[in-house]
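Okay everyone, thanks for coming.

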Amino acid sequence: MNYTEAVTYIEQIPRFAIKEPLAHAKELLRRVGDPQNTMKVIHVAGTNGKGSVCAYLASMLREGGLSCGLFTSPHLVRMNERFRVNGEMMDDESFVRLFGRVKQVTDEFVAEGLEHPSYFEILFAVGMLYFQEQQVEYAVLETGLGGRLDATNTVLHPLACIITSISLDHTEYLGDTVEKIAAEKAGIIKPGVPVIFDGCSPDAAKVIKRRADELASPAFMLEESMYEVVSNTPEGIRFLFGGEDELTIPYVAAYQMMNASLAYFTMKILKNTHGLTDEVLRRGIAATKWEGRMETILPGVIVDGAHNEDGVRRFVETAVHFKQNYKITILFSAVADKRYRGMIAEICRRIRPDAVVSTQIEGERIVSAGELAEEFRKNGCRMVYVQPDIAKAFDEARAMKGDGLLFCVGSLYLVGEIKKCLRRYENDKL
């Protein structure tokens, strides 16, 4: 089996079909040797920001010379992106070889009449085998969906648990209130293990603190009042955390101050374990690279994976800042299970973009470019263009932006497709 065949097989696996997902995942991991319990784990859950927090953590560990595995989702272009060791993506040969090991166990499951492991279970098992093989000392794990029943929750004794901002998302799986969703995310908390969390939502904070108390887990709640902006420029943000630690992040989005603070504070709590100085931690924060999150990919072209109402609200806060000095063009697409009408309404109300190009992401969850364009028109946008083909839509939006800014937003899948376009452009130049 080659890489393409392995990816094709995995992409055909149902994602949420397991009746007893955590028990099922535990059995799968047990049969491959429980590799997830052979390393020091920092476990991260939340609605928005968890990938960024993971990136900050991995960057600090790497800056300190400690071997670190980073497991995140989803991928933007290649499935291997989900597994990184010391910043380097897993190679194709390792992916195919380790997938082969997991598939042998999968075949045993099916032969015994058990349910086929899910898409995410397979990938998590592959990633943990890779980290074990690479002998990483630390692993930073991002949950896939929720937390309580997530395959990553098979880790028995994490060093710390982090819960980022919580809002309504995946309500069909996690519940229709912030409290219900918070309870699912808080399912990663382990007895006696410190939990560091975003306390900006009082409803979510109550649920998390209650669960931490039940498990005698030290709880540390971070609030926006704990950091103060020193400067915000196109190169990034400098801010004071806790009134004394000055941190620099290479991003222009204000919400990244909370994400960086969660990661930095966690590492300070774990100082007796890793032994890194505050200066090393600050350098690691400043050196963080995280694709697809308010990322400038070309001059004046920014991609952001905001894909729910809360994520878009945070994206809008950044775009409004630049609206004062730049013409704003939006390239937008979304999938059907997201609250895209609310996302579009927020963009139109706050940013009032000068031009919009709507496009569509093919697949079972498709929302047509025409339907998205109509939503923008309903919300008062006049210069709205429809282009179903993402590559053509990207070219058209770039042409429209002129000397202004182009924001590509609405879905991580859209970001991934744009990344593919850029790679094709680069290959054509070779």
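Let's start at arginine 352, which is exposed, with a relative accessible area of 62%. Before I go on, some ground rules. What you see is a predicted model, where local features need pLDDT of at least 70, side-chain atom pairs count only at pLDDT 80 or more, and totals for chains, interfaces and linings use all residues. Residues are numbered from 1 along each chain as its sequence is written, and side-chain values use heavy atoms, with hydrogens and water left out. As for my wording, buried means under 20% relative accessible area, exposed means over 50%, and partly exposed is in between, with a 1.4 Å probe and protein chains only.

Back to arginine 352. It sits in the loop between α13 (340-350) and β15 (355-358). Helices (H or I, at least four residues) and strands (E, at least two) are DSSP runs, numbered from the N terminus. What is the phi of arginine 352 near? It is near 50°, a positive value in a residue other than glycine. Most residues other than glycine have a negative phi, and most peptide bonds are trans.

Glutamine 135 also has a positive phi, about 55°, and is not a glycine either. You'll find glutamine 135 in the loop between α5 (119-133) and β5 (138-142), and it counts as exposed at 68% relative accessibility.

Then there's a cis peptide bond, joining serine 73 and proline 74, with omega about -5°. Proline 74 is in the loop between β2 (68-71) and β3 (83-85).

Now the cysteines. How many disulfides does a search of the whole structure find? The count is 0, where a disulfide is a pair of cysteine sulfur atoms within 2.5 Å.

Next, methionine 258, in helix α9 (residues 256-269). Is it buried or exposed? Buried, with a relative accessible area of 2%. Leaving aside neighbours within four places in sequence, methionine 258 is in contact (heavy atoms within 4.5 Å) with Asp198, Cys200, Leu222, Glu223, Glu224 and Tyr227.

Finally, the big picture. The protein chain has 16 helices and 17 strands. Its radius of gyration, taken over C-alpha atoms, is 21 Å, close to the 22 Å that the globule rule (2.2 Å times the number of residues to the power 0.38) gives for 430 residues, so it is as compact as a globular protein of that length. The C-alpha atoms fill a box of roughly 55 × 55 × 45 Å along the principal axes. Of the 430 residues, 56% count as buried. And of the contacts with a separation of 6 or more, 73% come from residues 24 or more positions apart.

That's my tour, thanks.
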